[in-house]
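Here's a quick tour of the model below.

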Amino acid sequence: MINEKELGELILTRNNKKIYRNDGTITKVYDHKAYSFSDVLREAMNQSYARECGFNAPEVYDVFPIGKDYALASEEIKGKTLAQLIEENPSDKRKYIAKLVQIQLDVLSHLSSNLKLPKLKDKLNAYISDSGLDASTRYDLHVRLEKMPNHYKVCHGDLVPHNIILVKDKYYILDWAHCTRGNSSADAAMTYILLVLDGDEKGAEMYLKEFCRRSDIAIQYVQQWISVVSATKLVTTKDKEKRALLLRNINVVDYI
Ligand SMILES: Nc1ncnc2c1ncn2[C@@H]1O[C@H](COP(=O)(O)OP(=O)(O)OP(=O)(O)O)[C@@H](O)[C@H]1O
Ligand SMILES: [Mg+2]
């Protein structure tokens with residue numbers, strides 16, 4: 001069995017995840033207390049499927065158990081993330097947010113009815129059920145979700161500046177664990193709420209305006225999705241202040 005010391009340099013430690021780099025390979029190690037082997041296999045499957053769809057995603061090299069944990073080894077993409085570029089060049093933030101939107105619209109232009117990808121609505125319905133909100137709020141959110149149009153666009157589900165690497169004129173997308181097929185405005189609502197949760201409200205507003213402008217979608221419509229998506233993020237958000245933020249966003253639109 002492979003030992004963690006053989007995975008190279010530890011470059012990042014996240015909640016329940018460690019990331020190693022070694023000679024062109026990036027290995028993500030998932031804590032078995034938070035992830036099952038099938039979660040890691042799903043991420044690897046989605047990443048491979050993304051490549052089959054023609055997206056630039058790192059090649060999957062291997063998935064294997066490591067001690068009690070699980071590892072996913074992929075091709076290392078040598079470049080800077082959009083998040084790094086924004087941090088290094090804050091005056092160019094608008095330009096990089098526009099790039100994020102352009103990349104997201106590229107992904108969303110791809111239709112998929114492939115059963116490998118779960119339906120976004122199914123996932124959102126399940127999360128609303130587990131949100132811990134009261135029965136009447138959950139009921140309203142389920143009804144609201146049901147009324148939303150059914151689309152089959154490839155939704156990355158976690159498209160934020162940390163998950164995009166630029167290499168000259170080319171871009172690569174990381175982190176396909178949450179990929180589904182569904183509605184583009186729901187995917188935009190997810191990006192918006194992730195930026196807000198990351199403490200970047202200004203960037204989130206800039207992003208939302210740019211997404212609506214480029215896609216010619218009414219901001220009020222995306223806001224309806226923001227309330228649904230915010231409810232689903234309650235399941236995994238423990239921080240008190242962030243939960244308060246999500247609760248505020250659920251009420252963005254009167255959904256009764
Ligand atoms: N294949 C890769 N090539 C180059 N860098 C990578 C690669 N995979 C991950 N990284 C680096 O590690 C960081 C975290 O990786 P990744 O997004 O896959 O993990 P994560 O734990 O899901 O993070 P988060 O959930 O916060 O998005 C990336 O932002 C990037 O800087
Ligand atoms: Mg990531």
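Let's begin with Asp175, which is buried: 20 other C-beta atoms lie within 10 Å, and 20 or more is what it takes to count as buried. Keep in mind that this is a predicted model. Asp175 sits in the loop between S9 and strand S10 (180-182). Its backbone has a positive phi of about 65°, even though Asp175 is not a glycine.

Asp23 also has a positive phi without being a glycine, here about 50°. You'll find Asp23 in the loop between strand S2 (17-22) and strand S3 (25-30). Is Asp23 buried or exposed? Asp23 is exposed, with 7 other C-beta atoms within 10 Å.

## Lys170 on strand S9

Strand S9 covers residues 170-173, and Lys170 belongs to it. Lys170 has 10 other C-beta atoms within 10 Å, so it counts as exposed. If you're tracing the chain, Lys170 and Leu85 are 85 residues apart in sequence, with their C-alpha atoms 14 Å apart in space.

## The nonpolar cores

Now for the inside. The largest nonpolar core has 52 residues, and the ones with the most contacts inside it are Leu100, Ala189, Tyr192, Ile193, Tyr207 and Val229. Helix H6 (residues 184-197) supplies the largest share of this core, at 10 residues. Both domain 1 (4-75) and domain 2 (80-250) put at least three residues each into this core.

What does Ile193 touch, leaving aside residues up to four places away in sequence? The list is Ile226, Val229, Ser230, Lys233 and Asn249. There's also a second, separate core of 10 residues, with Tyr20, Tyr30, Ala44 and Leu72 among them.

## Helix H8

Helix H8 runs through residues 219-233, 15 residues in total. From its first C-alpha to its last, H8 reaches 20 Å, close to the 21 Å expected at 1.5 Å a residue.

Why call H8 largely enclosed by the rest of the structure? Because 11 of its 15 residues are buried. Those buried residues include Val222, Gln224 and Trp225, and the stretch from Ile226 through Ser227, Val228, Val229, Ser230, Ala231 and Thr232 to Lys233 is buried as well. Among the elements covering the buried residues of H8 are helix H4 (120-129), helix H5 (135-147), H6, helix H7 (201-215) and helix H9 (240-250).

Conventions: Residues numbered from 1 in each chain as written. Chains lettered and ligands numbered in written order. Predicted model: local features only at pLDDT ≥ 70, side-chain atom pairs only at ≥ 80, totals over all residues. Core = buried A, V, L, I, M, F, W, Y, C linked by C-beta atoms within 7 Å. Buried ≥ 20, exposed ≤ 12 C-beta atoms within 10 Å, placed from the backbone. Helix = DSSP H or I, 4+ residues; strand = E, 2+ residues; numbered from the N terminus. Domains from an automatic or database assignment. Contact = placed C-beta atoms within 7 Å. Expected span 1.5 Å × (residues − 1).
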